[in-house]
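Please read the following points with the sequence and the model open beside them. They are meant for someone who has not looked at this structure before.

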Amino acid sequence: TNSTFVFWVADWFALMNDKMGGDLAKIKIVGQYLIEVWKAAGMDLTNVVFKWASEEITNNADKYWPTMLDVARRFNVTRI
């Protein structure tokens with residue numbers, strides 16, 4: 001098919017969860033390692049795009065942050 005699978009590397013979310021001791025540089029190294037693991041496992045990357053959450057959020061900050069704040073304002077753990 002002509003579909004593209006977006007494989008998200010959730011670096012900022014790992015940082016928020018204090019993975020790798022909260023060291024973003026280490027988190028990015030682990031993210032690169034995991035991409036290589038998928039390649040080594042034989043994953044067909046023909047229609048796969050790896051996107052880093054930090055880059056996409058930064059590049060689309062004008063859309064992401066207002067949406068995130070709106071969701072955070074309207075919902076709480078009890079309501080979800």
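1. A residue is called buried here when its relative accessible area is under 20%, exposed when it is over 50%, and partly exposed in between, with a 1.4 Å probe and protein chains only. On that scale, 15% of the 80 residues of the chain count as buried.

2. The model is predicted, so local features need pLDDT of at least 70 and side-chain atom pairs count only at pLDDT 80 or more, whereas totals for chains, interfaces and linings use all residues. Numbering starts from 1 along each chain as its sequence is written, and side-chain values use heavy atoms, with hydrogens and water left out.

3. Overall layout. The chain has four helices and two strands; these are DSSP runs numbered from the N terminus, with helices being H or I of at least four residues and strands being E of at least two. Read from the N terminus, the order of elements is β-α-α-β-α-α.

4. Overall dimensions. The radius of gyration of the chain is 16 Å, while a compact globule of 80 residues would have one near 12 Å. This radius is taken over C-alpha atoms, and the globule rule is 2.2 Å times the number of residues to the power 0.38. Along the principal axes, the C-alpha atoms fill a box of roughly 45 × 35 × 25 Å.

5. Contacts and surface. Contact means heavy atoms within 4.5 Å. Of the contacts in the chain with a separation of 6 or more, 65% are between residues 24 or more positions apart. The accessible surface of the chain is about 6300 Å², and 60% of this belongs to carbon and sulfur atoms; accessible areas come from the Shrake-Rupley method with a 1.4 Å probe, and for residues only the protein chains shown count as cover.

6. Salt bridges. The rule requires a side-chain nitrogen of Lys or Arg within 4 Å of a carboxyl oxygen of Asp or Glu. Four salt bridges are counted by this rule. One of them joins the side chains of aspartate 11 and lysine 28, at 2.9 Å from N to O. Because aspartate 11 lies in helix 1 (residues 11–16) and lysine 28 in helix 2, this pair ties together parts that are 17 residues apart in sequence. Aspartate 11 is buried, at 1% relative accessibility, whereas lysine 28 is partly exposed, at 28%.

7. Helix 4. Asp70, Arg73 and Arg74 are linked in a network of salt bridges. Aspartate 70 is found in helix 4 (residues 61–74). Its closest N and O atoms with arginine 73 are 2.9 Å apart, and the two residues are three apart in the helix, about one turn. The salt bridge between arginine 74 and aspartate 70 has an N to O distance of 2.7 Å; here the residues are four apart, again about one turn of the helix. Arginine 73 is exposed at 61% relative accessibility, while arginine 74 is partly exposed at 45% and aspartate 70 is partly exposed at 28%.

8. Position of aspartate 70. Between aspartate 70 and isoleucine 27 there are 28 Å in space, C-alpha to C-alpha, and the two are 43 residues apart in sequence.

9. Nonpolar patch. Which residues form a nonpolar patch on the surface? They are Met20, Val30, Tyr33, Leu34 and Val37, with about 440 Å² of accessible area together. Patches are made of residues with over 30% relative accessible area and no salt bridge, like charges being joined within 9 Å and nonpolar side chains (Val, Leu, Ile, Met, Phe, Trp, Tyr) within 5 Å. Leucine 34 is found in helix 2 (residues 24–40) and is partly exposed, with a relative accessible area of 43%.
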